[in-house]
Amino acid sequence: MSGPPRWPVHPAPTDGEALSSWLRRIAGCYGTDTEHLGDDIGYKLGAGDLDDIDMAPRPGMIEVLAERTGVAPARLRQMSVAGWVPWLLDDMDPGTDGFATYTRQLSVLRPAGKHKARLVPSWRPWLPDRLPARGCPECVAATPSPHPYQLLWAIPIVFSCPAHGCWLEATLAARSYFGMWDFDRPAPRPAPQQILTLDQRTQHAFALGHVDLPRRRVNAGIWFRLLRTVIDELSCPLSENRPSDTGTIRQIWKEAGYPARDGQGLWRPYEQQPETVQRHTMEAAAAAIALLEAGTVTGRGTHASLFLPEPYREIDNGKPAKENPQEKAVYPKPLRQALEEAIQASREDPAEAQALYNFALIGCRTPESVTRLRADFAELGIPLETMSPISTHASFA
Ligand SMILES: [Zn+2]
């Protein structure tokens, strides 16, 4: 039995590319548009539909595309927001207490449990009603038309391109279309180092499934929630905080160069703020993290210690060291134990599996050693089908 014909020519998805962008590029290969490409696979792919599929592809569409292109379904799923459940968001369908679950379980600047309860109906983290159309002028200039478009550019969780050190710019056209830029490309504007550092960590979370903080590695799910928690703490009406915490929050906004809460009178969730307020708030979050890491401000939340520098280690003087139970949890564990835990976590958590795989891949110098590595993973019971092919197609120069 043979399935539908494969598309003989198609570009491979680029790292972090959005599904709509890749489909436009495939259509470009055949000298057609996505609407006709959609007819070929039995899905509507007009301009409005492309917006939707970057959020969540229609049921069955991923399987059809996988069959036509040979790209693994797991890889294709990650090209839409829905593929990032439960890391970026708990669920695509907003629940009634989603806001509290996502933003109030961790605490950084304010003590845990000292927040005014807030019910935000139909709320989803990071996702405005309409995803923004932005891009990095340098990344776009470096690629042929139709230029690949990164999914992250559509999510106001990053604002800059760490690779080029500049702000993302509005494309002035529907997402994934850079027609205006071919005539009049915006000049790249340098972004401050603090926001580049923050966005680099977020990019890392998307690409590798984890972020290395000064004291320990946290998985992508924790990182996204940690960042959204800091944003919530910086955005709440100041009167809801204790005076000492208010002082810290004012200091952070001042450091970022904006009035507290970016001068907003009424409280609205970050996702519903105008783009400029979102950007200023993210700059404040970047300033908060830099100040915490420098020890200039002290967070009173339970998870503020994640941003403290590595603890000072005394040179062994031969006496048994006194144990500090608070620090015990963040010291590296003996390698063997850490490895066993990583293997166990990888069996249950695709992001952990990806991180472990990427790490192990560093030692692979030949295609044969990658095959051996994959056999080892299979033997350990770590599912391989969730692995991003970005890493499985290692190049051997
Ligand atoms: Zn760039």
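I call a residue buried when its relative accessible area is under 20%, exposed when over 50%, and partly exposed in between, with a 1.4 Å probe and protein chains only. By that rule I looked up Ala220, which counts as buried because its relative accessibility is 1%.

**Ground rules**

I note that this is a predicted model, where local features need pLDDT of at least 70, side-chain atom pairs count only at pLDDT 80 or more, and totals for chains, interfaces and linings use all residues. Residues are numbered from 1 along each chain as its sequence is written, and side-chain values use heavy atoms, with hydrogens and water left out.

**Entry: the whole protein**

I found 17 helices and six strands in the protein. Helices (H or I, at least four residues) and strands (E, at least two) are DSSP runs, numbered from the N terminus. The protein has 397 residues, and 49% of them count as buried.

I then looked at contacts, meaning heavy atoms within 4.5 Å. Taking contacts between residues at least 6 apart in sequence, 67% join residues at least 24 apart.

The exposed surface comes to about 20,000 Å², and 54% of it is supplied by carbon and sulfur atoms. Such areas come from the Shrake-Rupley method with a 1.4 Å probe; for residues, only the protein chains shown count as cover.

I placed Ala220 in helix H10, residues 220–235. Leaving out residues up to four places away in sequence, Ala220 touches Ala205, Gly209 and His210. I also checked Leu208: it is twelve residues from Ala220 in sequence, and the C-alpha atoms are 8.2 Å apart.

Thr202 sits in helix H9, residues 193–208. Thr202 counts as buried because its relative accessible area is 0%. With residues up to four places away not counted, Thr202 touches Ile157, Val158, Trp223, Phe224 and Leu227.

**Entry: Ser107**

Where is Ser107? I found Ser107 in the loop between helix H6 (98–103) and strand E1 (134–135). Is Ser107 buried or exposed? Ser107 is buried, because its relative accessibility is 1%.

A polar atom of the Ser107 side chain lies 2.8 Å from the backbone nitrogen of Thr302. Setting aside neighbours within four places in sequence, I listed the contacts of Ser107 as Ala112, Thr229, Glu233, Gly301, Thr302, His303 and Ala304.

**Entry: helix H3**

In helix H3 (residues 47–55) I marked Asp49, Leu50, Asp51, Ile53, Asp54 and Met55 as buried. The cover over the buried residues of H3 includes helix H1 (19–29), helix H2 (34–41) and helix H4 (61–69).

I noted a cis peptide bond from Val85 to Pro86, with omega near 5°. Pro86 lies in the loop between helix H5 (73–77) and H6. Another cis peptide bond joins Ser145 and Pro146, with omega about -5°. Pro146 lies in the loop between helix H7 (137–141) and strand E2 (160–161).

I also looked up phi at Trp126, which is positive at about 75° although the residue is not a glycine. Trp126 is in the loop between H6 and E1. Trp126 counts as buried because its relative accessibility is 0%.

Arg261 is not a glycine either, yet has a positive phi of about 55°. I found Arg261 in the loop between helix H11 (243–256) and helix H12 (275–294). Arg261 is buried, because its relative accessible area is 10%.

**Entry: the cavity**

How many cavities of 30 Å³ or more does a search of the whole structure find? The search finds one. On a 1 Å grid over the protein atoms alone, a cavity is a set of points where a 1.4 Å probe fits but cannot get out, and lining residues have an atom within 4 Å of a point. Grid points are joined across faces, edges and corners, and a volume is the space filled by probe spheres set on the points.

The largest cavity holds about 80 Å³ of space. Arg261 is in its lining, along with Ser235, Trp253, Gln264, Trp267, Arg268, Tyr270, Gln273, Val277 and Thr281. By class I have four nonpolar, four polar and two charged residues in that lining. Here Ala, Val, Leu, Ile, Met, Phe, Trp, Tyr, Cys and Pro count as nonpolar, Asp, Glu, Lys and Arg as charged, and the others, Gly among them, as polar.

**Entry: Ala342**

I placed Ala342 in helix H14, residues 335–348. Ala342 is partly exposed, because its relative accessible area is 23%.

Notes: Polar contact = N/O pair within 3.5 Å; in protein donor to acceptor, adjacent residues only side chain to side chain. 1 Å grid on protein atoms, 1.4 Å probe; cavity = no way out; pocket = protein on both sides within 12 Å on 5 of 7 lines; lining within 4 Å.
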